[in-house]
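Please look over the structure below before reading on. The paragraphs that follow take up confidence, then a strand pair, then a helix pair.

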Amino acid sequence: MGLVGLLSGCLSGGGVTKARVVVAGGGFAGATCARTLAQLGIRVTLVEPNPVYTACPFSNLVISTDRPIQAQQFSYAGIANAGVEVRHARVVGVDAQRVQLDDGSRLDYDRLVLAPGIEINWDGLPGYDQAAAELMPHAWQAGAQTLLLRRQLRAMPDGGVVVISVPDNPYRCPPGPYERASLIAHYLKAHKPRSKVLILDAKDRFSKQPLFTRAWQEQYGQLVEWQGRSAGAAVVEVDAQSGAVLTDFETVRGDVINVIPPQRAGFIAQTAGAADNSGWCPIQAGTFESTRLDRVHVLGDAAIANAMPKSAFSANAQAKLCAVQVARLLADQPPQPAKLINTCYSLIAPEYGISVAGVYTAEKNTWRSIPGAGGISPMLQAPAGAPRLEAEYARAWYATITREVFGG
Amino acid sequence: MSKTLTVTALLTGVVTLGQGVFAEVVDQRIQVCGGCHALGAPAGGQGHGVDGQVQVEKQTIPPIGGDPEHLYQLMIAMKTGQRAVTVMDRILRGYTDAELKEMAQLLGALGNSGDPGDLGNRGSQRSQVK
């Protein structure tokens, strides 16, 4: 028994099996957490409005016509089979004891996990509203927007300009805009080689920048052009009707305009009061408990996890640890420390992958990067065949994680 | 019975939930490995499409497990650069040797017998999940 306690932390407590945990949001964070809680024998209800989940990782390959959208879509049947009660409804309100659903019902909770992902901050970029997004898709929540951007790309004449507007940090998937630019260039190179991708960035530095910059030169030459904040490229307003975006200095027209707008924690985090003035949710690092709401945890893109990026890998890693901490807290056991990892692959082309990794520890209530660990794929002396292998690993990662989360 | 439970507890982490209900999850120190390596199950391979269609994807990331000492030596070889890999060197540098030894024990107990190397001798020693 002593050894059991030492190695794994033996939880025991009379009230645990009766405890109910509600998880709001069925993406990589929420679905993983609900599933792990069910494995722990805890009664868990997952509330997710959509009957089908459309995953963002790899959705840039859908835009570049290299992948069917169906490969991004998952039902919740596997999660239900794993012992999670799945409710397809929307959480519209939260108080200290229960959540209110849009079908009129209420769910009592002992602990609540909020995993709402992002919502577009429609007040964040003048001119960019829901109507504008039908003309200038963001495609930053996968699904109809992804397909809209693909249709526009297919319809664009050779010689056209694709403009991608990239917001300042923080936002979902830091390297995502640059992978998207790469894969759109991959499509254009094959089908519309006189065209161009112009990235207008609100930042001067971005994730995996040296790898992207070199790969663009190698693979795409003049096809990809990136302009940063210092060059005055930050988009400050859009005019969807005339097909233009405005920077401080000029009006830029595009044949296809992909506006990746400012974002914040998803709706329910805002309504519940879990988000602060930044629009994101402060947490106690080790347990993911909200610093603003008692017995409420926040995971994934919505949470302020400091050095950990807003990625599916991070969300999945956080969710598994959070489930253990929730179980321990319900059993009046102290939380257990654990390091977390993030590994994000990006594709320059379908067979050309790069990666960034990090190892993180919760210290002084902050998720910190462990110095000396992590970093991007080696620029020099990369082992031969590494880019192809990293593309293979990217696909393997996607297969493994989606099976772990949605399979069965 | 109690011996079985104790052994299981040692190996995978058992959470005891009142009234003799036992649930098993992978120890939190190695949960994160499952982000890529599919712990305790055949790795990758199948996705579940909404139409019930199973999507098969090529699996190249090996499962991890097997003899803890062998696993520990492999991790050290990757961490120190003796074994060429794409990403694991960057990740393993985030852990002390003592932490890796502990994780090797926990991973070894999962029952897989795979070789986690990649560029060094990819696939040559890979074996199937039990």
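The pLDDT is the predictor's confidence in each residue, on a scale from 0 to 100. It applies here because this is a predicted model. For chain A the mean pLDDT is 94, and 95% of the residues in chain A reach 70 or more. Residues 1-15 of chain A have a pLDDT below 50.

Strand β6 of chain A covers residues 91-94 and strand β7 of chain A covers residues 98-101; the two pair in the antiparallel sense over 3 bridges. Between β6(A) and β7(A) lie 3 residues, and the two strands form a hairpin. Within this pairing, Val94(A) stands opposite Val99(A) in β7(A).

In chain B, the point of interest is a helix pair. Helix α4 (residues 68-79) of chain B and helix α6 (residues 97-108) of chain B have axes that come within 8 Å and cross at roughly 135°. Angles from 65 to 115 degrees count as roughly perpendicular and those over 145 as roughly antiparallel, so α4(B) and α6(B) are oblique to each other. Their crossing is right-handed.

On the α4(B) side, the contact is made by Pro68(B), Glu69(B), Leu71(B), Tyr72(B), Met75(B), Ile76(B) and Lys79(B). From α6(B) come Asp97(B), Leu100(B), Lys101(B), Ala104(B), Gln105(B), Leu107(B) and Gly108(B). Sorted by class, the contact of α4(B) with α6(B) has 8 nonpolar, 2 polar and 4 charged residues.

Methods
Residues numbered from 1 in each chain as written. Chains lettered and ligands numbered in written order. Predicted model: local features only at pLDDT ≥ 70, side-chain atom pairs only at ≥ 80, totals over all residues. Heavy atoms only, no water. Axes fitted to C-alpha atoms, helices over the stretch in contact; angles between N-to-C directions. Helix = DSSP H or I, 4+ residues; strand = E, 2+ residues; numbered from the N terminus. Parallel < 35°, antiparallel > 145°, perpendicular 65-115°, else oblique. Left-handed = near helix turned anticlockwise from the far one by under 90°. Contact = heavy atoms within 4.5 Å. Nonpolar A, V, L, I, M, F, W, Y, C, P; charged D, E, K, R; others polar. Pairing = 2+ DSSP bridges.
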